[in-house]
Amino acid sequence: KIFDCSQFSVRRAGMKLFKASSPEAQKEYFCSLKSTVSCEAEHVVPEPNAGLPDVCRTEGTVETSKVAATIIAGGTPVPSDVVKYFNGELRKRICFLDGGMGTRIQ
């Protein structure tokens with residue numbers, strides 16, 4: 001025999017029996033299955049400035065020739081300089097980034 005989760009119908013060997021129930025009775029049954037959960041843990045307060053900075057709101061200027069010289073020399077520019085440069089460019093024009101995941105943006 002198979003019982004469905006609402007316990008309102010029973011199926012036995014090809015014969016299906018229904019127990020009369022209204023939508024209100026079904027709702028009452030399902031509401032009775034609820035349980036109360038309470039959290040007893042202590043609230044943890046994050047340390048100030050512990051999160052990552054919002055790069056979309058990073059402002060400032062960067063000397064483009066300095067960043068370019070670093071790249072030409074085969075180095076990696078400082079991430080904050082790249083963010084400042086890119087945000088500055090986005091304020092001036094539309095930028096399209098094309099390339100697969102993991103490829104270096106040049």
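Reader: What share of the contacts in the chain with a separation of 6 or more comes from residues 24 or more positions apart?
Author: This is a predicted model, in which local features need pLDDT of at least 70, side-chain atom pairs count only at pLDDT 80 or more, and totals for chains, interfaces and linings use all residues. Residues are numbered from 1 along each chain as its sequence is written, and side-chain values use heavy atoms, with hydrogens and water left out. A contact means heavy atoms within 4.5 Å. Among contacts in the chain with a separation of 6 or more, the share from residues 24 or more positions apart is 31%.

Reader: How many contacts beyond near neighbours in sequence does the stretch of residues 1–8 have in the model?
Author: Over residues 1–8 the pLDDT is below 50. Where pLDDT is low, the predicted coordinates should not be read in detail. With that caution, the number of contacts beyond near neighbours in sequence for residues 1–8 is 18.

Reader: What percentage of the residues of the chain count as buried?
Author: Buried means under 20% relative accessible area, exposed over 50%, and partly exposed in between (1.4 Å probe, protein chains only). Of the 106 residues of the chain, the buried part is 9%.

Reader: Which residues form the aromatic pair, and is it stacked or edge-to-face?
Author: Rings of Phe, Tyr and Trp (its six-membered ring) pair if their centres lie within 6.5 Å; planes under 30 degrees apart count as stacked, over 60 as edge-to-face and the rest as tilted. A search of the whole structure finds one such pair. Its centres are 5.5 Å apart, with 65° between the planes, and the pair, edge-to-face, is Tyr29 and Phe30.

Reader: Which residues are linked in a network of salt bridges?
Author: A salt bridge is a side-chain nitrogen of Lys or Arg within 4 Å of a carboxyl oxygen of Asp or Glu, and the count comes to three. Glu89 meets Lys92 at 3.1 Å, N to O, and Arg93 at 2.6 Å, N to O. Because Glu89 and Lys92 are three residues apart in helix α3, about one helical turn separates them. The linked residues are Glu89, Lys92 and Arg93.

Reader: Is Glu89 buried or exposed?
Author: Lys92, one of its partners, is exposed, with a relative accessible area of 63%. Glu89 has a relative accessibility of 10%, so Glu89 counts as buried.

Reader: What is the N to O distance in the salt bridge of Arg57 and Asp54?
Author: At 64% relative accessibility, Arg57 counts as exposed, whereas Asp54, at 39%, counts as partly exposed. Their side chains meet with an N to O distance of 3.2 Å.

Technical notes: pLDDT is the predictor's confidence in each residue, from 0 to 100. Helices (H or I, at least four residues) and strands (E, at least two) are DSSP runs, numbered from the N terminus.
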